[in-house]
Amino acid sequence: MPDRRAAATTTEVWESGEEYEPYVGRWSRLVAREFLAWLAIPTHARWLDVGCGTGALIQAILDRWSPAEVVGIDPSSAYIAYARRNISDPRVRYEVGDARALPVPSSFDAVVSGLVINFVPAPDQLKAAREMVRAARTGGTVAAYVWDYAGEMQLMRRFWDAAVALDPSARDLDEGPRFPLCHSDNLAALFRKTGLSAVETRAIDVPTVFRDFDDYWTPFLGGEGPAPAYAKALDRDRRAALRDTIRASLPIQPDGSIHLIARAWAVRGVR
């Protein structure tokens, strides 16, 4: 499983499901539903979720696809513990593990990954993708989705555009330039290199509606992930300047709500 914590700085951590959920988890759950509908895996299948995190994708599989088994693997023991507490089902098994060396046989009908593969260090991304393929049975589906960091993952794009305007060095942490894999062409190319057939991609857009600015801003103060880690590390005055710059850029409605979208790029292929 990828070590997300090695992605940019030592302050970038993935240790609190409680902080992750309001920041990204709630939107990942919306993408997961659309992603699974696109895959259209038959019921009673055996699933492997690589980088299961807090369980967004696993819960969506349980809700609509009547799996025979789901195995969730993640490098974060804290995320695994969170998922276990919140998703208790005899069909689900969790393990702490690495995407580059999955501790499973080649037996799954569907091997999926949500919002993870870009966090694998770039030299090892093909290795991780090949491990996903190895874990699938012949004829099985291998699929993933990642945020469109450079484009229409708007809640993050608004954050980093403001951060870089105030502090050009913030570009080094901006997921847009950091993760070139998160473009449909690059994602498809990675999957084709594994030998998968029928590789295709699609965009999945989901609404991200915030009650008010606090609902948008507060999750950035939790420190969970690159943008929150950056915000948390700022001193009070710089954080206030960033907050005010972002607020001025947002389409705040008369009732205080903020309506954005989150786009993910999804890819699938057949072993």
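Author: Two strands count as paired if DSSP finds at least two bridges between them. Helices (H or I, at least four residues) and strands (E, at least two) are DSSP runs, numbered from the N terminus. In this predicted model, local features need pLDDT of at least 70 and side-chain atom pairs count only at pLDDT 80 or more, while totals for chains, interfaces and linings use all residues. Residues are numbered from 1 along each chain as its sequence is written, and side-chain values use heavy atoms, with hydrogens and water left out.

Reader: In what order do the strands of the open sheet stand?

Author: Strands of a sheet pair through backbone hydrogen bonds, either parallel or antiparallel. Here seven strands form an open sheet in the order β3-β2-β1-β4-β5-β7-β6, and the pairing is mixed. β3 (92–96) and β6 (197–210) each have a single partner strand, so one side of each lacks a neighbour in the sheet. From one strand to the next, the twist averages 20 degrees; axes are lines fitted to C-alpha atoms, for helices over the stretch in contact, and angles run from 0 to 180 degrees between N-to-C directions.

Reader: Is strand β1 enclosed or open to the outside, and why?

Author: Buried means under 20% relative accessible area, exposed over 50%, and partly exposed in between (1.4 Å probe, protein chains only). In β1 (residues 46–50), four of the five residues are buried, so the strand is largely enclosed by the rest of the structure.

Reader: Which residue of β4 is the bridge partner of L48?

Author: The partner of L48 in β4 is V111. β1 and β4 (residues 108–114) run parallel and are joined by three bridges. β1 also pairs with β2 (residues 69–74), in the parallel sense, over five bridges, and V50 stands opposite I73 there. The chain passes from β1 through helix α2 (residues 56–64) to β2 in a right-handed β-α-β crossover; right-handed means that, with the strands pointing away from the viewer, the path from the first strand over the helix to the second runs clockwise.

Reader: How do β6 and β7 run, and which helices lie across them?

Author: β6 and β7 (residues 258–270) are antiparallel and joined by 12 bridges, with V209 opposite H259. Helix α5 (residues 154–166) lies across β5 (136–147), β6 and β7, at about 115 degrees to β7. Helix α7 (residues 184–193) lies across β5, β6 and β7 too, at about 25 degrees to β7. Contact here means heavy atoms within 4.5 Å.

Reader: How many salt bridges does the structure hold?

Author: Side chains of opposite charge can pair when their charged atoms come close. A salt bridge is a side-chain nitrogen of Lys or Arg within 4 Å of a carboxyl oxygen of Asp or Glu. The structure holds 17. One of them joins D205 and R263, with the closest N and O atoms 2.7 Å apart. That pair links distant parts of the chain, D205 in β6 and R263 in β7, 58 residues apart. D205 is partly exposed at 39%, and R263 is partly exposed at 21%. Salt bridges with shared partners also join R46, E69, R93 and E95 into one network.

Reader: How many disulfides are there, and why?

Author: A disulfide is a covalent bond between the sulfur atoms of two cysteines. The cut-off used is a pair of cysteine sulfur atoms within 2.5 Å. The whole structure has zero disulfides. The cysteine sulfur closest to that of C52 is in C182, 19 Å away, which is too far for a bond. C52 is buried at 5% relative accessibility, and C182 is buried at 2%.
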